[in-house]
Amino acid sequence: MTKFYPRWFTHQQQLILVPNLLFGPDRMSPIFRSVVAPNDDTLYTSALIGVRNEPAVLEIPDTMATYGVLITDVYGNIIKTDISTTSGGRYAFTGPGWSGTLPPELTEIPLPVTNPLMIIRSNRFSPDGENQIALAEEFRRSLRMGPLLAYERGVLAETLIVPVSFWARSFKLDADRMIRDNPLRFLRELQRGVMDIRTPPLTGDNRALAEEFDRLFATGRFEDEFARATQDAQADIISNYLNNTDRNNWINFRNIGFWGTNYLDRSSITEFCQYCNDIESSAYYDVFRDSDDQQLNAASGGYVLTFERDQIPQAREFWSVTSYISETITLHRNPEDKYVVAGYTPGLETNEDGSISIYATPTPPVGVSIANWLPVPDGPFSMMLRVYGPEGSVAEGTYVPPAVRKINPSGRSGGGPRGKG
């Protein structure tokens with residue numbers, strides 16, 4: 001199961017998508033649960049690309065907005081393209097083996113598969129903290145996409161902005177519960193996904209493995225063994241992620257999207273960070289445990305994360321910290337509708353020594369700027385540090401974020417929050 005695990009997720013997600021239609025949520029909120037670890041740093045635009053029968057065309061306008069384009073196959077492998085993120089363009093996605101003539105104004109983007117998923121993220125703030133939400137919204141609404149025939153007829157569709165409730169289903173939660181309670185059903189659904197026409201044809205050892213599985217599974221003679229193996233495989237997938245920690249308990253995978261034959265890492269990322277960017281675009285640091293090696297749990301108090309002045313992440317674009325509910329890796333509902341503290345957060349205060357402290361508590365801590373407060377659930381949670389456009393030690397792979405420290409009853413952490421400047 002470890003090798004094909006991501007296909008269950010993408011197959012389920014593809015079942016509700018219309019090929020070559022751009023769409024995005026009207027807002028970000030805890031209702032957004034279809035993809036783990038969503039962010040509130042960017043505005044999302046997504047599309048299931050379909051090029052089985054003809055090319056698909058994407059029009060990107062000239063813009064001052066900062067954006068990135070991520071394209072992955074059904075297993076989460078990133079497909080690199082020549083799509084520019086600094087100027088507009090007209091692009092034609094073509095499928096494997098396609099031969100034909102495109103209009104001269106279109107730049108061909110050959111794809112190795114017929115149905116990859118594309119996510120375009122436009123930043124809500126500029127690198128210097130300027131609010132660009134209106135610009136990002138204008139940008140994603142001005143994107144156009146459709147099959148080549150629609151382009152030739154001048155009827156490419158604009159981005160469809162839909163209620164965030166469209167993303168309400170938690171595929172992670174469904175998978176976790178199904179594997180726990182009905183692992184054979186999960187295997188049957190995974191089997192259908194692997195056999196789906198949108199799945200790239202299996203070759204070599206992968207094909208032999210799938211055929212042997214199909215043969216044995218069809219006999220119905222080894223159901224108990226299959227059930228235990230499925231649960232054991234997912235346990236390995238989860239353990240591989242949670243145990244990939246540095247000295248301060250932060251998890252950081254630098255091979256996202258380019259795993260080669262490391263199928264265990266690929267499946268672990270699907271479980272906790274599906275559709276994350278590669279290390280050239282973004283670095284992700286995930287934490288579930290504090291400086292005392294205890295599970296983050298705000299039921300008995302809060303935490304503080306202090307970046308020393310020389311420890312603030314270096315980024316071309318921005319850094320941010322988001323909190324998540326541990327079970328689903330989704331946003332936490334709070335009265336402020338606040339999900340992130342970032343270098344661009346308006347009013348973010350620094351300490352007298354130039355450090356920055358972020359307070360992760362269920363309610364605003366006394367004497368702390370609201371800008372430095374990160375709402376967290378009154379129970380188990382995790383936090384993710386994102387660095388968009390990694391530079392310095394983040395890009396080099398030597399950066400270690402500071403430990404998350406419990407705030408003691410006096411309101412001070414083990415290291416002590418500094419006075420505000």
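## Stop 1: Helix α5

Start by selecting Glu189 and Arg185, which sit 4 residues apart in helix α5, a separation of about one helical turn. Helices here are DSSP runs of H or I with at least four residues, strands are runs of E with at least two, and both are numbered from the N terminus. An α-helix has 3.6 residues a turn, so residues three or four places apart point the same way.

Now show the side chains. Those of Glu189 and Arg185 meet in a salt bridge, 3.0 Å from N to O. The term stands for a side-chain nitrogen of Lys or Arg within 4 Å of a carboxyl oxygen of Asp or Glu. Which of the two partners is buried? Glu189 is, with a relative accessible area of 9%. Arg185 counts as partly exposed, at 42% relative accessibility. Buried means under 20% relative accessible area, exposed means over 50%, and partly exposed lies in between (1.4 Å probe, protein chains only).

Next, pick Arg7, Asp196 and Arg198. Salt bridges with shared partners link these three into one network.

A note before moving on. The model is predicted, so to speak of a local feature takes pLDDT of at least 70 and side-chain atom pairs count only at pLDDT 80 or more, while totals for chains, interfaces and linings use all residues. Residues are numbered from 1 along each chain as its sequence is written, and side-chain values use heavy atoms, leaving out hydrogens and water.

## Stop 2: The whole chain

Zoom out and colour by secondary structure. The protein chain has 9 helices and 19 strands. Its radius of gyration is 22 Å, close to the 22 Å that the globule rule gives for 421 residues, so the chain is as compact as a globular protein of that length. That radius is taken over C-alpha atoms, and the rule is 2.2 Å times the number of residues to the power 0.38.

Turn the model about its principal axes. The C-alpha trace spans about 65 × 60 × 40 Å along them. Of the 421 residues, 55% are buried. The accessible area is about 18200 Å², and carbon and sulfur atoms own 49% of it. Such areas come from the Shrake-Rupley method with a 1.4 Å probe; for residues, only the protein chains shown count as cover.

Contacts come next, meaning heavy atoms within 4.5 Å. Among contacts with a separation of 6 or more, 75% are between residues 24 or more positions apart.

## Stop 3: Helix α1

Select residues 5-14, helix α1. How many residues of α1 are buried? The count is 10 of the 10, so the helix is largely enclosed by the rest of the structure. Show what surrounds α1: its buried residues pack against β2 (42-48), α4 (171-181), α5 (183-195), α7 (223-242) and α8 (263-273).

Pick Trp8 in this helix. Trp8 is buried, at a relative accessible area of 0%. What does Trp8 touch, leaving aside residues up to four places away in sequence? Its partners include Arg169, Phe171, Asp174, Met178 and Glu189.

## Stop 4

Follow the chain into the loop between α1 and β1 (23-25), where Leu15 is placed. With Leu15 they form a nonpolar surface patch, with about 270 Å² of accessible area together. Patches are made of residues with over 30% relative accessible area and no salt bridge; like charges are joined within 9 Å, and nonpolar side chains (Val, Leu, Ile, Met, Phe, Trp, Tyr) within 5 Å.

Asn20 lies in the loop between α1 and β1 too. Check its backbone: phi is positive, about 65°, although Asn20 is not a glycine. Asn20 counts as buried, at 10% relative accessibility.

## Stop 5: Helix α2

Jump to helix α2 (residues 133-141) and select Arg140 and Glu137. Their side chains meet in a salt bridge, 3.1 Å from N to O. Both residues are buried. The side chains of Arg141 and Glu137 meet in a salt bridge of 2.7 Å, N to O. Arg141 is partly exposed, at 45% relative accessibility. The structure holds 16 salt bridges.

## Stop 6: The disulfide

Select Cys273 and Cys276. A disulfide joins them, S to S 1.8 Å. The rule asks for a pair of cysteine sulfur atoms within 2.5 Å, and the count comes to 1. Left-handed or right-handed? The torsion about the S-S bond of Cys273 and Cys276 is about -80°, so this disulfide is left-handed. Cys273 and Cys276 are both buried.

## Last stop: Ile329

Finish in the loop between β14 (315-325) and β15 (340-342), at Ile329. Ile329 is not a glycine, yet its phi is positive, about 55°. Ile329 is buried, with a relative accessible area of 1%.
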